[in-house]
Amino acid sequence: MSLMLKEHERSQAEWNRKARDVVNVVVRRLLGAGASASRPVNPTDGQLFYDRTLKKPIWWNSEDGEWKDAAGAGA
């Protein structure tokens, strides 16, 4: 039985790695991601960007004219 558990754990770890890779591709290509210096120049209201410098997602708030994090703080 322990042999089966180890095989299952290995399969689960591989699946988790592949899932993370897919999520990373989606974030980079569809949502935008990069260092703080590479944020979009003319973002639209509510546009999402994953800031790799800050290591968190941020959104453009056109009302305030600045990027905000999920807590509403300027980013």
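Asp69 is buried, with a relative accessible area of 12%; buried means under 20%, exposed over 50% and partly exposed in between (1.4 Å probe, protein chains only). The model is predicted, so local features need pLDDT of at least 70 and side-chain atom pairs pLDDT 80 or more, whereas totals for chains, interfaces and linings use all residues. Residues are numbered from 1 along each chain as its sequence is written, and side-chain values use heavy atoms, without hydrogens and water.

Asp69 sits in the segment after β4. Its side chain reaches the backbone nitrogen of Ala71 at 3.0 Å. A polar atom of the Asp69 side chain also lies 2.9 Å from the backbone nitrogen of Ala73. Beyond four places in sequence, Asp69 touches Lys56, Pro57, Ile58, Trp59 and Ala75 (contact means heavy atoms within 4.5 Å).

Two aromatic pairs occur in the structure. Rings of Phe, Tyr and Trp (its six-membered ring) pair if their centres lie within 6.5 Å; planes under 30 degrees apart count as stacked, over 60 as edge-to-face and the rest as tilted. The ring centres of Phe49 and Trp67 are 6.1 Å apart and the planes stand at 50 degrees, so this pair is tilted. Phe49 belongs to strand β2 (residues 48-51) and Trp67 to strand β4 (residues 66-68), 18 residues apart. Strands are DSSP runs (E, at least two residues), numbered from the N terminus.

Trp60 and Trp67 have ring centres 5.4 Å apart and planes at 70 degrees, so their pair is edge-to-face. Trp60 is buried at 18% relative accessible area. Trp67 is buried at 6%. Phe49, Trp60 and Trp67 form one aromatic cluster.

Methods. Helices (H or I, at least four residues) and strands (E, at least two) are DSSP runs, numbered from the N terminus. A polar contact is a pair of N or O atoms within 3.5 Å; within protein, one must be able to donate a hydrogen and the other to accept it, and residues adjacent in sequence count only if both atoms are side-chain atoms.
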